[in-house]
Amino acid sequence: MKMSEIIKIRGLNFGYDEEVILKDVNLDIRNGDFVALVGPNGSGKSTFLKLLTEQISFQQGEIKLFGQNINEFSDWTKLGYISQEVKEFNDSFPATVKEVIGANLYKEFGRFKLLNLRLDQKINRVLELVDMLEHKERQIGNLSGGQQQRIFIARALVSEPKVIFLDEPLVGVDIENQNKFYKLLNRLNQELELTILIISHNIEAVIQYANRVFHFAKQKITPLSASQVVESSLC
Ligand SMILES: Nc1ncnc2c1ncn2[C@@H]1O[C@H](COP(=O)(O)OP(=O)(O)O)[C@@H](O)[C@H]1O
Ligand SMILES: [Mg+2]
């Protein structure tokens with residue numbers, strides 16, 4: 001295996017009961033890729049990310065993560081996932097920014113009740129990365145939608161993953177904040193060499209930063225060049 005290949009998919013077939021969703025998918029994702037996943041509703045984008053995070057299992061083919069078959073893979077801290085379902089904390093959610101991020105380190109620290117310097121340093125580091133350090137002590141529910149998105153990213157980053165999957169993270173976020181968010185992802189991609197897979201309907205924004213675009217349609221995943229994306233305005 002080339003070390004730079006972090007996801008390798010061969011002959012992948014997946015369907016829910018009667019409905020075939022993906023047929024004979026073959027693709028590789030390399031370390032440092034910024035991948036946009038685009039395509040119409042119902043084309044299988046969320047399903048694809050669920051397959052890659054082993055929330056569902058496929059019928060045929062092979063998925064390798066970091067060189068290992070997915071069913072043997074165990075180092076899930078290398079992957080961060082932000083699902084389509086989690087969107088916002090409401091006003092009365094009883095936790096601060098610091099607590100929400102720290103909760104994602106529970107496995108590492110919880111058993112030993114090490115609410116210590118190291119935990120705090122990790123939280124500060126990710127808040128700095130997303131430019132939210134000054135909001136550390138605030139109630140999460142009082143932040144704007146765009147700010148909460150940054151906190152979701154910080155929470156995903158705190159376990160120091162190599163790759164993050166984002167399923168339509170910007171629904172309900174205004175255009176200005178969407179652009180800021182893409183710039184942030186771009187920075188994380190460049191500075192941390194974080195590999196990013198993002199499902200997005202904002203094609204114009206995402207193709208500014210993505211080095212690869214995969215289009216989902218008719219049970220296939222097709223790589224597109226930038227000019228093809230613009231031409232077809234697919235989503
Ligand atoms: N848990 C499920 N059980 C059965 N069918 C599902 C399930 N989740 C999604 N589907 C169906 O699979 C297809 C692809 O869904 P999805 O991956 O959510 O598409 P996308 O994210 O591209 O909008 C849709 O037709 C959807 O209704
Ligand atoms: Mg979806």
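Let's start at one glycine. Leaving out residues up to four places away in sequence, Gly80 touches Pro161, Val163, Ile164 and Phe165. Touching here is contact, meaning heavy atoms within 4.5 Å. Gly80 sits in strand S6, residues 79-82. Strands (E, at least two residues) and helices (H or I, at least four residues) are DSSP runs, numbered from the N terminus. Look at Gly80 and Phe165: they are 85 residues apart along the chain, yet their C-alpha atoms are separated by 6.1 Å.

Is Gly80 buried or exposed? Gly80 counts as buried, because its relative accessibility is 5%. The scale is this: buried is under 20% relative accessible area, exposed is over 50%, and partly exposed is in between, with a 1.4 Å probe and protein chains only.

Some ground rules. This is a predicted model, in which local features need pLDDT of at least 70 and side-chain atom pairs count only at pLDDT 80 or more, while totals for chains, interfaces and linings use all residues. Residues are numbered from 1 along each chain as its sequence is written, chains are lettered from A and ligands numbered from 1 in the order in which they are written, and side-chain values use heavy atoms, with hydrogens and water left out.

Now the whole chain. The protein chain has eight helices and ten strands. It has 235 residues, and 48% of them count as buried. Take the contacts with a separation of 6 or more: 68% of them join residues 24 or more positions apart. The chain exposes about 12200 Å², and carbon and sulfur atoms supply 47% of that. Those areas come from the Shrake-Rupley method with a 1.4 Å probe; for residues, only the protein chains shown count as cover.

On to the ligand. Which residues are around ligand 1? They are Tyr16, Glu19, Ile21, Pro40, Asn41, Gly42, Ser43, Gly44, Lys45, Ser46 and Thr47. To be on that list, a residue needs a heavy atom within 4 Å of the ligand. By class, the shell holds three nonpolar, six polar and two charged residues. The classes work like this: Ala, Val, Leu, Ile, Met, Phe, Trp, Tyr, Cys and Pro are nonpolar, Asp, Glu, Lys and Arg are charged, and the others, Gly among them, are polar.

Next, the polar contacts, pairs of N or O atoms within 3.5 Å; within protein, one must be able to donate a hydrogen and the other to accept it, and residues adjacent in sequence count only if both atoms are side-chain atoms. A polar backbone atom of Gly42 is 2.8 Å from an oxygen atom of ligand 1. For Ser43, a backbone N or O atom lies 3.2 Å from a ligand oxygen. Lys45 uses its side chain: a polar atom there is 2.8 Å from an oxygen of ligand 1. Taken alone, ligand 1 exposes 560 Å², and the protein buries 61% of that.

Strand S2 (19-30) and helix H1 (45-52) each supply at least two residues of the shell. H1 gives the most, with three. How many of the eight residues of H1 are buried? Seven are, so H1 is mostly covered. They are Lys45, Ser46, Thr47, Phe48, Leu49, Leu51 and Leu52. Just after H1, Glu54 takes a positive phi of about 55 degrees.

Last topic: salt bridges. A salt bridge is a side-chain nitrogen of Lys or Arg within 4 Å of a carboxyl oxygen of Asp or Glu. The whole structure has seven. Here are some of them.

Arg10 and Asp28 form one, at 3.2 Å from N to O. Arg10 is in strand S1 (residues 5-16) and Asp28 in S2, 18 residues apart. Arg10 is partly exposed at 31%, whereas Asp28 is buried at 18%.

Asp33 and Arg212 form another, at 2.8 Å. Asp33 is in the loop between S2 and strand S3 (34-38) and Arg212 is in strand S9 (residues 212-217), so this pair ties together parts 179 residues apart in sequence. Asp33 is buried at 4%, and Arg212 is buried at 17%.

Then Lys122 and Glu160, at 3.8 Å. Lys122 is in helix H4 (residues 117-129) and Glu160 is in the loop between helix H5 (145-157) and strand S7 (163-167), so parts 38 residues apart are tied together. Lys122 is buried at 12%, while Glu160 is partly exposed at 43%.
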